[in-house]
Amino acid sequence: MADVGVRAARHDDVAAVTGTQIRAWKYGYRDFLPEGPLEQMTGPAAENMWRQQWEDAITSPPSRWHRVLVAVEQVVLDTDAFPALGPGGIEAMAALQGAEKVAGLASHAPAEDPDLDPTAAGEMLTFLIDPDHVRRGHGSRLLNATVDYLRDDGYHTIVTWVFAENYAVRGFLESAGWGADGAERVIDMGRTVRMIRLATDIS
């Protein structure tokens with residue numbers, strides 16, 4: 001059993017956030033990104049780079065409008081089973097009682113695309129769910145929290161860039177009222193990979 005929620009990321013979440021990103025990319029992008037570039041994006045050297053970037057984003061964001069949110073599960077253990085673990089096991093399990101596990105993350109900031117007004121449009125930069133924690137409502141909670149923060153900041157529109165072949169994320173966002181706004185990017189990853197921009201009105 002676990003209690004769930006969304007909160008602002010803290011410094012002690014950096015490792016978990018980085019691990020969640022790596023696992024989500026490996027699982028979610030394996031069907032449409034070339035193997036070599038995906039390995040480079042998720043390998044040990046890249047992981048160290050991402051960890052530093054997440055630490056900077058969480059502890060020293062560029063502005064008050066830049067945020068990193070995490071979806072968490074608070075572990076609730078079956079204490080009836082503790083006696084069978086012995087003294088050492090009981091102590092170890094008791095330490096886990098109430099601990100939080102990062103199950104997903106989302107980050108947002110003012111939109112930077114030149115065709116958008118950064119005072120009116122925010123951008124969801126990251127939206128990832130740990131593959132071991134999908135279909136538990138974390139995506140919906142992160143999305144709702146992102147909308148709430150950006151609406152409170154005075155934004156009227158949110159955009160996000162997704163891989164065109166990432167049908168799982170596209171389908172989820174489209175079911176929540178997002179839609180392609182016509183902007184596209186093409187990335188060379190040994191072969192052409194297309195990204196599309198989705199947008200939603202939150203005014």
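**View 1. Ala121 stands opposite Thr157 in strand S5.** The model is predicted; local features need pLDDT of at least 70, side-chain atom pairs count only at pLDDT 80 or more, and totals for chains, interfaces and linings use all residues. Residues are numbered from 1 along each chain as its sequence is written, and side-chain values use heavy atoms, with hydrogens and water left out. S4 and S5 run parallel and are joined by three bridges; strands pair if DSSP finds at least two bridges between them. Helices (H or I, at least four residues) and strands (E, at least two) are DSSP runs, numbered from the N terminus. With H5, the two strands S4 and S5 make a right-handed β-α-β unit: with the strands pointing away from the viewer, the path from the first strand over the helix to the second runs clockwise.

**View 2. Strand S5 (residues 157-163) is largely enclosed by the rest of the structure, because six of its seven residues are buried.** Buried means under 20% relative accessible area (1.4 Å probe, protein chains only). S5 also pairs with strand S7 (residues 192-201), in the antiparallel sense, over seven bridges. Val162 stands opposite Ile196 in S7.

**View 3. His133 lies in the loop between strand S4 (121-129) and helix H5 (138-152).** His133 is buried, with a relative accessible area of 6%. Leaving aside neighbours within four places in sequence, His133 is in contact with Glu73, Lys101, Ala103 and His138, where contact means heavy atoms within 4.5 Å.

**View 4. Helix H2 meets helix H3 through Gln40, Met41 and Thr42 on H2 and Pro44, Ala46 and Trp50 on H3.**

Conventions
Buried means under 20% relative accessible area, exposed over 50%, partly exposed in between (1.4 Å probe, protein chains only).
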